[in-house]
Amino acid sequence: MLEAASGAANTYLAKRRDLNLFLGYFRQRMNSDAPDDWTKPVTVAFLRFLETAENRKASTVNRTLASLRHCAAWIHERRPFLAGNPCRGVRELFLDEPAWKGLSDLQVMQLRSAAEQLVCLKKRKNQRGLRDRAIFLSLLHTGLRVSELLAVQKDQYTGRHLVEVRRKGKIRTAKVFLPGEARDVLDAYLIDCRGDRSGPLFLSKAGEPMARQHVDRLLRQLARQASCKLSKDEQIALSAHVLRHTMLRRITEKHGVQFAMEATGHISSKYIWRYVKPSDEEREKAMEELF
């Protein structure tokens, strides 16, 4: 079964977790390992179990169903199930309309200002203010996922673009443009801190490849700096995903959905709307000014 779960490392791990969860459920409920005992009612019951007993979100249940479909199709092609493909005709759950998770213009300004301040505040040898600002601006201006940015090697930066960037799944983007603000800080980081040796573009304090938790931590620190003089209700919640939402929304407003789809690395418009949908405040303002 696990051989059916192919793709990028994180995707593989997610599918592996999905399939292991199903196998545990299948063995416990069916007291069997026989493929022919996997039928459509078993699939439906498992998904209901995830939704009700496990309180999994609809998006998680649907992702698990996608993993099961992939696996079932792989098995069925090689050795047909007695009662037919056990995932055929099983419907996905309806998803709630996703909430807007991006930043306002004011919040972007506050974060950019805080990033400049932290460069001046992080003066100790083991601190990396320039690197952290370069990561923040690279995420803000490109909409890359953390895993995509951290996988970029030094020789993939040409001084204007990140080239041959591996995206989620099997997609590669030939060129990802870096605007001047991000390039200037990245160039300063390379000259003053990182040096010209080969390896990942962004390195840890120890000179090793950075992990996702390093980026999560620096973004939380940046948000605290930007929020230090704000009220409790105005505190900024920052993550790479929030930066991705913000960038894709901006590019959609200025250049349309097609530009946003290309920037995400998606080949389908199925998921793009969760990134570019208007906020509640913007919809209400539009309705107020409609007539």
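The legends below describe an overall view and several close-up views of a predicted model.

**Figure 1. Overall view of the predicted chain.** Local features are given for pLDDT of at least 70 and side-chain atom pairs for pLDDT 80 or more, while totals for chains, interfaces and linings use all residues. Residues are numbered from 1 along each chain as its sequence is written, and side-chain values use heavy atoms, with hydrogens and water left out. The secondary structure consists of 12 helices and two strands; helices (H or I, at least four residues) and strands (E, at least two) are DSSP runs, numbered from the N terminus. Along the sequence the pattern is α-α-α-α-α-α-β-β-α-α-α-α-α-α. Of the 291 residues in the chain, 42% are buried. Here buried means under 20% relative accessible area, exposed means over 50%, and partly exposed lies in between (1.4 Å probe, protein chains only). The chain exposes about 17100 Å², of which carbon and sulfur atoms supply 51%; accessible areas come from the Shrake-Rupley method with a 1.4 Å probe, and for residues only the protein chains shown count as cover. Among contacts between residues at least 6 apart in sequence, 60% join residues at least 24 apart, a contact being heavy atoms within 4.5 Å.

**Figure 2. Close-up of Asp-18 and Arg-63.** Asp-18 and Arg-63 form a salt bridge, with 2.6 Å between the closest N and O atoms. A salt bridge is a side-chain nitrogen of Lys or Arg within 4 Å of a carboxyl oxygen of Asp or Glu. Because Asp-18 belongs to helix 1 (residues 9-30) and Arg-63 to helix 3 (residues 58-78), the pair ties together parts that are 45 residues apart in sequence. Asp-18 is buried, at 3% relative accessibility, whereas Arg-63 is partly exposed at 36%. Leaving aside residues up to four places away in sequence, Asp-18 touches Arg-63, Thr-64 and Ser-67. The C-alpha atoms of Asp-18 and Thr-60 are 9.4 Å apart in space, and these residues are 42 apart in sequence.

**Figure 3. Close-up of Arg-133 and Glu-116.** A salt bridge joins the side chains of Arg-133 and Glu-116 at 3.4 Å, N to O. Arg-133 lies in helix 5 and Glu-116 in helix 4, so this pair ties together parts that are 17 residues apart in sequence. Arg-133 counts as buried at 16% relative accessibility, and Glu-116 counts as partly exposed at 45%.

**Figure 4. Close-up of Asp-196 and Lys-154.** The side chains of these two residues meet in a salt bridge of 2.9 Å, N to O. Asp-196 is in the loop between helix 7 (180-194) and helix 8 (212-227), and Lys-154 is in the loop between helix 6 (146-150) and strand 1 (161-166), so the pair ties together parts that are 42 residues apart in sequence. Asp-196 is exposed, with a relative accessible area of 64%, while Lys-154 is buried at 15%. The whole structure contains 15 salt bridges.

**Figure 5. Close-up of a patch of positive charge on the surface.** The patch gathers Arg-124, Lys-205, Arg-217, Arg-220 and Arg-224. Patches are made of residues with over 30% relative accessible area and no salt bridge, with like charges joined within 9 Å and nonpolar side chains (Val, Leu, Ile, Met, Phe, Trp, Tyr) within 5 Å. Lys and Arg count as positive and Asp and Glu as negative, while His and the chain ends are not counted. Each charge is placed at NZ of Lys, CZ of Arg, CG of Asp or CD of Glu. Arg-124 sits in the loop between helix 4 (105-121) and helix 5 (129-142) and is exposed, with a relative accessible area of 57%.

Figure 6. Most residues other than glycine have a negative phi. The relative accessible area of Asn-55 is 64%, so Asn-55 is exposed. Glu-164 is partly exposed, at 44% relative accessible area.

Figure 7. Val-44 is part of helix 2 (residues 40-52) and is partly exposed, with a relative accessible area of 29%. From C-alpha to C-alpha, Val-44 and Leu-65 are 9.5 Å apart in space, and they are 21 residues apart in sequence.
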